[in-house]
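I opened my notebook to look up one protein chain. I will write down what I find, entry by entry.

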Amino acid sequence: MRAGEPEFEQAVEVSVAILREAARDSRDDSDALVTYRQLSDLLAQHGLQVPYHGRPMPYILEEASLREHAANRGMVSALVVKQGRDGKPTTPSGGFYRMARRRPFVRRGANDGISELVPGGLPPSTYRHEAWWANGDRSHSHSRAWGDAGFTAHPELARRAVRFVPQHGVSW
């Protein structure tokens, strides 16, 4: 399956629909998250065989993000996360952060907060505790994910926003 092929295009469209539904039907923050394996299983129910690991999943999610961003909607691919050892959803993979580094997404509108990028928003503690955004904290999967992708987080709690800045002085 390659970009531009009908099956790829269908996988992008179905993925967006699945993730929008997950966000719309969620009861709380964690309820909207979908693991890569769950997305793969849901795509299979639509006759699309997309492995949850390896290609073409990251390309499908990147294309979904680009299309949703172009339509001035949140990055639905942020809902797709790894599965933790306990079987529960954790954080986006490093691929999500690498994609964001290659293609900076700027959300324009009345509220520039990061919660608009994640359908369903972020946990309430992210707006009250700068420690949640600690860089280099290997004990938290979210910190590991953006760190492994080459970013540092810089929260602005009063604005309910965060900037992810590439490490090592690289700028966009």
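**Entry 1: the elements**

How many helices and how many strands are there in the protein chain? I count 5 helices and 4 strands. Helices here are DSSP runs of H or I with at least four residues, strands are runs of E with at least two, and both are numbered from the N terminus. Read from the N terminus, the order is α-β-α-α-β-α-α-β-β.

Two notes on the source. This is a predicted model, in which local features need pLDDT of at least 70 and side-chain atom pairs count only at pLDDT 80 or more, while totals for chains, interfaces and linings use all residues. Residues are numbered from 1 along each chain as its sequence is written, and side-chain values use heavy atoms, with hydrogens and water left out.

**Entry 2: the whole chain**

I looked up burial next. The protein chain has 172 residues, and 40% of them count as buried. Buried means under 20% relative accessible area, exposed means over 50%, and partly exposed is in between (1.4 Å probe, protein chains only).

The accessible surface of the chain comes to about 9,800 Å². Carbon and sulfur atoms hold 49% of that surface. Such areas come from the Shrake-Rupley method with a 1.4 Å probe, and for residues only the protein chains shown count as cover.

Then I checked contacts, meaning heavy atoms within 4.5 Å. I took those between residues at least 6 apart in sequence, and 55% of them join residues at least 24 apart.

**Entry 3: helix α2**

I picked two residues here. Ser40 lies in helix α2, which covers residues 36–44. Leu43 is in helix α2 too.

Is Ser40 buried or exposed? Ser40 is buried, because its relative accessible area is 11%. Beyond four places in sequence, Ser40 touches Val50, Pro51, Tyr52 and Met57.

Leu43 has 0% relative accessibility, so it counts as buried. Which residues does Leu43 contact, leaving aside neighbours within four places in sequence? They are Ala11, Val14, Ser15, Ile18, Leu48, Val50 and Met57. I also took the distance from Leu43 to Ile18: 25 residues apart along the chain, with C-alpha atoms 8.5 Å apart.

Val80 sits in strand β2, residues 80–81. Its relative accessibility is 1%, so Val80 counts as buried. Setting aside residues up to four places away, Val80 touches Leu19, Val34, Thr35, Tyr36, Leu39, Leu61 and Pro92. Val80 and Arg37 are 43 residues apart in sequence, and their C-alpha atoms are 9.4 Å apart.

Where is Gln83? I found Gln83 in the loop between β2 and α4. Gln83 counts as partly exposed, because its relative accessibility is 43%. Its contacts past four places in sequence are Thr35, Arg37, Lys88 and Thr90. Gln83 and Thr35 are 48 residues apart in sequence, yet 5.7 Å apart from C-alpha to C-alpha.

Glu68 is in helix α3. Is Glu68 buried or exposed? Glu68 is buried, with a relative accessible area of 3%.

**Entry 4: the aromatic pair**

I searched the whole structure and found 1 aromatic pair. The ring centres of Trp132 and Trp133 are 4.6 Å apart and the planes stand at 75°, so the pair is edge-to-face. Rings of Phe, Tyr and Trp (its six-membered ring) pair if their centres lie within 6.5 Å; planes under 30 degrees apart count as stacked, over 60 as edge-to-face and the rest as tilted.

How do the two partners sit? Trp132 is partly exposed, with a relative accessible area of 22%. Trp133 is buried, with a relative accessible area of 5%.
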